Amino acid sequence: MKQIQLSHGGGGKETNSLIHDLFYRYFGNDILIAAEDAAVLEVKNKIAFTTDSFTVSPIFFNGGNIGKLAIAGTVNDLAMMGAKPLYLSSAFMIEEGFSFDDLETIVKTMAEELKQSGAKIVCGDTKVVPKGAVDQIFINTSGIGEIEKEGISANNLHEGDVIIVSGDVGRHGAAILMEREGLGISGDLQSDCATLWSAVQALIDSNVTISALRDATRGGLSAVLNEWAEQSSVCLEIEEASVPVDEAVQGICELFGFEAFDFANEGTFIIAVPQQHAVLAVQVLQSVDITSKATIIGHVTMKKEGKVILHSLYGSSRYLDLPKGELLPRIC
Amino acid sequence: MSELQLKDLYSGFRDPDTIKALAWAIAAEAKKLKEPLKIMEVCGGHTHTIMKYGLKQLLPSNIDFIHGPGCPVCIMPKERIDHAIALAQIENSILLTLGDMIRVPGSKSSLALERANGCDIRALYSPLDAIKIALENPDKKVIFFAIGFETTTPMTAAVLEQMEKRGIKNLYFHINHVLVPPAVDAIMADGKAKINAFIGPAHVSVISGAKIYLPLPKQYATPVVVSGFEPVDVMQSILMIVKQKNENRCEMEIQYSRSVTLDGNTKAQEMIAKFMKPREHFRWRGIGDIPLSALELREEYAAYDAEKIFADILPTEPIDDHKLCICGTILKGLAKPNDCKVFGTACTPNNPMGSCMVSSEGACNAYYRYGEI
Amino acid sequence: MCLSIPSKIVEIDEDNIATVDTMGIKRQVSLDLMLDEVDVGDYILIHVGFAMNKIDEEEALQSLEVYQEMLEAMEEDERRQVIEDDDNCDSRVET
């Protein structure tokens, strides 16, 4: 079976083979293989529910592939609400002629990534469409998580809160840009695509008060900071020098005139905590492998409500605005 | 002398302590200035450095910047943008240009909108890709809409050279290359901007040599310092200008000595001269016609000149900007972006009314991105 | 677009194309416009896929030295100013 054919999405024998030989093989768990029309689930507390569709181009990139993104992206959205990721659905839209080996690689990666949070895929769907109807493969994942820490919200920032970033910024966007054809650049830069639940769990377990938590996906660090400033009607004052940026990301920004703060991340989050919890929060994050470079980058004031101010090394300041326009299409 | 590392070429010229030292030295010298300094930075790239690093906040109040017309996309009048759109609409064509041109508004549309409508329009990072695309699409008319000041003109010449060497017949050029000195002359002739010093563009000078600015101090009694792009470069250039004023000197000096010489890149200059010559007239947005301020292909290359080959579909009427857009006034150095009534409201990078807001070298774009507190 | 970036040459091939390194990111540029001969290890300015010129390393190092001297001069003056301010302090109580 070298290529996916239209018949694989037809609902007949070929579909069944694909489901059993590929999806059940790698995603297999009791709920999934019960093969009912819908998965029956039970949870004790409030739940968080999210969905995301993944259309990243190229589908294989340095540091991951569309499958890794599809799992980490949805799992992280749950984690950002203080919810333990439990159950995912996964829907594939595959272009006729897509390589079976590539599909297997993607599915295998998804299974690996699920292990990082312990979440399970409990239902799914597969469609195969004629050539040209989708660009190779699109994946949608929806997720349910059980809330373990309530009260985390973008409306919740207060004057005096400290802003912490979990790692260096801009790597996913820069890594994708590097792979884009026609730009002719190469390097070792890897996407930061990663599941963040273990870091969030550590924070919850340490009883740190969390005002707000958000992963910096499309629009990067700039987008999160601006959303928080607006929704909470506060001012975020950031020290430019303290935001970690990988040298290679900086190199790409130099070459194309971009700002690292605008680039997407897929394994980096921003957290706001009350002043008295800042040191502990940083310590906890630094003790977890994926967030070992966590650092304080600024704090919340009332200087200019709704705005983000960037203080430079040079003693000057400027506003950090939302990134504009089509920075990079199909980044996630 | 120790060995130079690549990172020195970045961090050494962005070092915060050095900037502090330069600001301190400028403050001391500026006290002795007899009149306020109004420095025109010609190049959009310098406007961006000044805004991005907030340099104005580090300078005394008797030093002000007047933003110049050094943005090759910003100075193009709407009718020439309409040229690009008309060319893109030709059947079986591929229109190629540099990134910034894509979102600039013409009179009714933009290349971005036309691309969404199905026209084959591609943004190139390097003009050399035009050769590759022409070779890969022998049955299409591949048209390169060439823009840029002296920095980018040689690259078009290099593409023309490659085209000749390989005997490519389906590649056409629409030349919009412009020159810095005539633009500066036109602004000074206008007289209203009250400029008393210049920061000369860096990379224009790498190609053309600093010699092109020699007439300026004599003609206008204004010092000219050719500056690099990093914040240390710009601050040092300002210090050099202030010192000239205080010492009653009026000279052309090169701050960017690591890359700029008096003669420049003569090989690049010869290549340009081989394929292009100054054109008699060229309308600059906001400034009007400036004679001999732009280039066109020489007669021998008429067969590749898109302006000649596709003349019948190219609009000829000059088109003015929207009433509320004061890009033209800003380009002449008579207003700043935040003087504009629609700045940041009706006119934003996502919904630009004029090209100064779209282009990465436009003053309005710099003010919007790096808005001052 | 006037943006030009300093980069280091790491390889040159027969078609006059150089592979350059900018902070860990590599790309290929044409040497067709270069006036001077260049070698692997040289620093050049690149602009839209072309090398524009060779960076004068001595001039660069000299500039950096000048900045270092300025820094020292400023620190010296600042120190002197601090001492002067202290000497002239009106609110000091004589004991």
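How many residues does the contact take from chain C, and how many from chain B? Colour the two chains separately and look where they meet: 30 residues come from chain C and 43 residues from chain B. (Two residues are in contact if their C-beta atoms, placed from the backbone, lie within 7 Å.)

Before going further, some housekeeping. This is a predicted model, in which local features need pLDDT of at least 70 and side-chain atom pairs count only at pLDDT 80 or more, while totals for chains, interfaces and linings use all residues. Residues are numbered from 1 along each chain as its sequence is written, and chains are lettered from A and ligands numbered from 1 in the order in which they are written.

**Stop 1: chain C on chain B**

Stay with that contact and select the chain C side. The elements giving two or more residues to it are β1 (5-12), β4 (43-47), β5 (50-54) and α1 (57-87) of chain C. (Helices, H or I of at least four residues, and strands, E of at least two, are DSSP runs numbered from the N terminus.) The largest share, 10 residues, comes from α1(C). Colour this side by class and you get 19 nonpolar, 6 polar and 5 charged residues. (Ala, Val, Leu, Ile, Met, Phe, Trp, Tyr, Cys and Pro count as nonpolar, Asp, Glu, Lys and Arg as charged, and the others, Gly among them, as polar.)

Now show the whole of chain C. It is divided into domain 1 (5-55) and domain 2 (56-88), with bounds from an automatic or database domain assignment. The centres of these two domains of chain C, taken over C-alpha atoms, are separated by 35 Å.

**Stop 2: chain B as a whole**

Hide the other chains. Chain B has 16 helices and 13 strands, and its C-alpha atoms fill a box of roughly 65 × 50 × 40 Å along the principal axes. Its radius of gyration is 21 Å, which agrees with the value near 21 Å for a compact globule of 373 residues. (That radius is taken over C-alpha atoms, and the globule rule is 2.2 Å times the number of residues to the power 0.38.) Buried residues make up 56% of chain B. (Buried means 20 or more other C-beta atoms within 10 Å of a residue's own, exposed 12 or fewer, and partly exposed in between, with C-beta atoms placed from the backbone.)

**Stop 3: the five-strand sheet**

Select β2, β1, β7, β8 and β9 of chain B: in that order they form an open sheet of 5 strands with parallel pairing. (Two strands pair if DSSP finds at least two bridges between them.) β2 and β9 (252-254) of chain B each have a single partner strand, so one side of each is left without a neighbour in the sheet. The twist averages 20 degrees from one strand to the next. Zoom in on β8 (224-226) of chain B, joined to β9(B) by 3 bridges; B:V226 has B:I254 as its bridge partner.

**Stop 4: a covered helix**

Is helix α3 (residues 44-52) of chain B mostly covered or mostly open? Mostly covered: 8 of its 9 residues are buried, among them B:H46, B:H48 and B:M51. Show what the buried residues pack against, and you'll find β1 (37-43), β2 (63-70), β7 (197-200), α11 (231-246) and α16 (363-369) of chain B. After α3(B) comes B:G54, with a positive phi near 60 degrees.

**Stop 5: the four-strand sheet**

Next, pick β4, β3, β5 and β6 of chain B, an open parallel sheet in that order. Its edge strands are β4 (121-124) and β6 (171-177) of chain B. Strand β5 (141-148) of chain B pairs with β6(B) over 7 bridges, and B:I143 stands opposite B:Y172. Helix α7 (153-166) of chain B packs on this sheet, touching β5 and β6 of chain B, at about 160 degrees to the direction of β6(B).

**Last stop: chain A**

Bring chain A back: its contact with chain B takes 15 residues from chain A and 20 residues from chain B. Helix α2 (16-30) of chain B gives the largest share of the chain B side, 3 residues. Finish by colouring domain 1 (6-147) and domain 2 (162-319) of chain A, whose C-alpha centres lie 28 Å apart.

Methods:
Axes fitted to C-alpha atoms, helices over the stretch in contact; angles between N-to-C directions.
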